[in-house]
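Here is a set of questions and answers for a reader who is meeting this structure without any background. Each answer sets a value beside the rule that gives the value its name.

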Amino acid sequence: MDTKLNKYSKRLIIFNGIFILFWLTISIFPFLWTLWGSFKVKADFFSRAEWTYALTGFNTLIETGATTTVKAYVESWFEGEFWRASLNTMIVTVSVVSISLFLGTLGAYALSRSTYKYTFYILIAALIFRAMPHITLVSGYLFPFFQLNIWGILPTTIIVLVAINQPFTLWLLYSFFKTVPKELDESALIDGCSYFQAFRYIIMPVMWPGVVTAGLFSMMLAYNDFTVTALLLNQQNYTMVPKINAFLGTIEHGGNYMWAVSSVVSATAPLFMIIWFFQRQLISGLTAGAVKG
Amino acid sequence: MPHKTFFWFILPTGLAMILFIGLPIVSSFFQSLHIETEQILMEVENCDPFGCKTNVRVDVEATEKLRQENPLGRFNGFGTYTDRNHLAFDEIGEAWNTSSSMSEFKDIVLNLPFYKALLFTLTFCFAVTPPVIILGFIVALSVNTLSKIIKGFIVFGTILPMIVTPLIGSLVLFWMIDSQGIIGASIQILFDDPNLSLKASSNLTWITLIIYGIWHNTPFAFVVFYAALQTVPQDPIEAAYIDGASRYQRVRYIVIPHLYPVATFIMLICLMDNFRVFEPIIGFSAEGVAQSLSWMIYQDLRNENKMLFGSAGATSMLTIIGIAFLLTPVLIRTWKEFRTER
């Protein structure tokens, strides 16, 4: 029965294959093209005369003596101080992930175990907070931060990103903790554990799958953020994404444009690698709220 | 869980959310009621051999002093909301009185900054969402038929546009579509028109931005649909098969109805997320012809020397009102879900 149901006609298989190839081209090709082009000079990657120059490296050969060059990478990392930006991104990402998981697991655990009505209102409030466009929050931060003189530094941005991230983390971990059987920690409570001890010794060892998923989303938010970092950090403390935007803003000499291209590759490569490893958790997280529906 | 324990568990996260999400909204509102202090002018008499002239000049010292005393500026009530850059009541009233036809009135209104941005934001939202849902569903259906071995790689490839931040995603596309990039240059050769480019007309730019939006959002719809497809019950499908339903009929009458709730979920999230569209405008350097509400706020805050807190606050409040409209169905849905759970 089952085999017949899932047997596809030849035409469907072919059609399907073509469609998938077409879709993959659309979704992957732009990245491959950028990766390829980042090893060329600007006259090739943005060649008005002949697009095949980008493939053959015609001008790259003339300018550098080889068909590929890492000039843009070397220059953007050292002369353009992209190393500083990536260091900042690392600091911000690691801090945001660890702090928001710490706060989020505590809060979500309490929300999932309390039977009072206010948990519902807290979750609804979190949902409303989640919907707020980040830029409207930033417009509220700037003035007080200037007055308190805490604008431009990394710790402020980290705390802001943690807070912005909390609603989603709470919801994700809340639905995860709901699937952890209540009896597990209840029996610990009966044996005389405090709630915190039950959390520490009973829940923590079993919560890692949910935490990895939540951590992944926190990481993506912190790593990818442009709105908050561009407006709350000063130039020295820029993370990678606002730094790339800054490269674009200064097109005094042709080289800078290629700096942006190579930086885009430098910034996306680690992200893609992490997602490649944690793909399953990412997908389970995205669907957590939706599929029950 | 007793109230006291609950309180201590929720305190850190609650504090973070109240301080950095709740308060900024209040602060934004407070800012929107104020306007930057005006420069204090003074009259200076300049005498030269040809006579004396009185010039008006900015009194830098006095202005600076006033700014120091009152950094937020002076109280303006809802003045900022109704000024030319926001709701523009006066301008609309005038346009209503002077314009001879409806289309002329429409032209004037849609050239006011706020309405221009609102028009783009809404167009973007509503043009992107339906194709995203349809395309996401088709991709999910077709990935679902593949064998397990290649599925992992294909799912990874499919979600890439969603993983990268919108700024990088739009840059990557922009570099190809740009008149000197691979696609842009090819199109020019194809149509034999060296002036044809993305920036040539505002319509083309809008279409490009919308295509980018579809590219960026489809993976999300795909992932959700793909997961939902795994939950479709097999029994009705088998029954339909025995009754002689074709593959198309099985999808149309069993799978799609099963996925309706999921589709509404995707639609609402998509509308809400796209309402904040802003980074692609920067990535595509489309500021000239396409402004969104978020972009207006960014523009007010970008200049470090002269930030327009009042204007940004007012636009923020108006954006939040817009979000509230889109959020209401989501809230009602969540509310119902909770009711049934209890």
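**Labels and the rules behind them**

Q: What makes Asn149(A) count as exposed?
A: Asn149(A) has 8 C-beta neighbours inside 10 Å, and a residue is called exposed if 12 or fewer other C-beta atoms lie within 10 Å of its own, buried if 20 or more do, and partly exposed in between, with C-beta atoms placed from the backbone; Asn149(A) therefore counts as exposed.

Q: What kind of model is this, and how are its residues and chains labelled?
A: This is a predicted model, in which local features need pLDDT of at least 70 and side-chain atom pairs count only at pLDDT 80 or more, while totals for chains, interfaces and linings use all residues. Residues are numbered from 1 along each chain as its sequence is written, and chains are lettered from A and ligands numbered from 1 in the order in which they are written.

Q: Where is Asn149(A), and what is its phi?
A: Asn149(A) is placed in the loop between α9 and α10 (154-179) of chain A, where helices (H or I, at least four residues) and strands (E, at least two) are DSSP runs numbered from the N terminus. Its phi is near 65°, a positive value in a residue other than glycine. Most residues other than glycine have a negative phi.

Q: Why is Glu81(A) called partly exposed?
A: Glu81(A) has 15 C-beta neighbours inside 10 Å, and for that reason it counts as partly exposed. This residue lies in the loop between α6 and α7 (82-113) of chain A, and it has a positive phi of about 55° although it is not a glycine.

Q: Why does Thr37(B) count as partly exposed, and which residues does it touch?
A: Thr37(B) counts as partly exposed because it has 16 C-beta neighbours inside 10 Å. It sits in the loop between β1 (34-35) and β2 (41-48) of chain B. Leaving aside residues up to four places away in sequence, Thr37(B) touches Leu66(B), Arg67(B), Asn70(B), Gly73(B) and Arg74(B), where contact requires that the C-beta atoms, placed from the backbone, lie within 7 Å.

Q: Why is α9(A) called roughly perpendicular to α1(B)?
A: The axes of helix α9 (residues 134-148) of chain A and α1(B) come within 8 Å and cross at roughly 75°. That angle makes α9(A) roughly perpendicular to α1(B), since angles of 65 to 115 degrees take that name, while those under 35 count as roughly parallel, those over 145 as roughly antiparallel and the rest as oblique. The axes are lines fitted to C-alpha atoms, for helices over the stretch in contact, and the angles run from 0 to 180 degrees between N-to-C directions.

Q: Which residues of α9(A) and α1(B) make this contact, and how do they divide by class?
A: Among them are Thr136(A), Leu137(A), Tyr141(A) and Phe143(A) of α9(A), and Ile21(B), Pro24(B), Ser28(B) and Gln31(B) of α1(B). The residues of this contact divide into seven nonpolar, six polar and no charged, where Ala, Val, Leu, Ile, Met, Phe, Trp, Tyr, Cys and Pro count as nonpolar, Asp, Glu, Lys and Arg as charged, and the others, Gly among them, as polar.

Q: How many residues does each chain give to the contact between chain A and chain B?
A: The contact takes 82 residues from chain B and 78 residues from chain A. Helix α1 (residues 3-32) of chain B gives the most to the side of chain B that touches chain A, with 17 residues. That side of chain B divides into 58 nonpolar, 20 polar and four charged residues.

Q: What share of each chain counts as buried?
A: Of the 342 residues of chain B, 37% count as buried, and of the 293 residues of chain A, 44% do.

Conventions:
Two residues are in contact if their C-beta atoms, placed from the backbone, lie within 7 Å.
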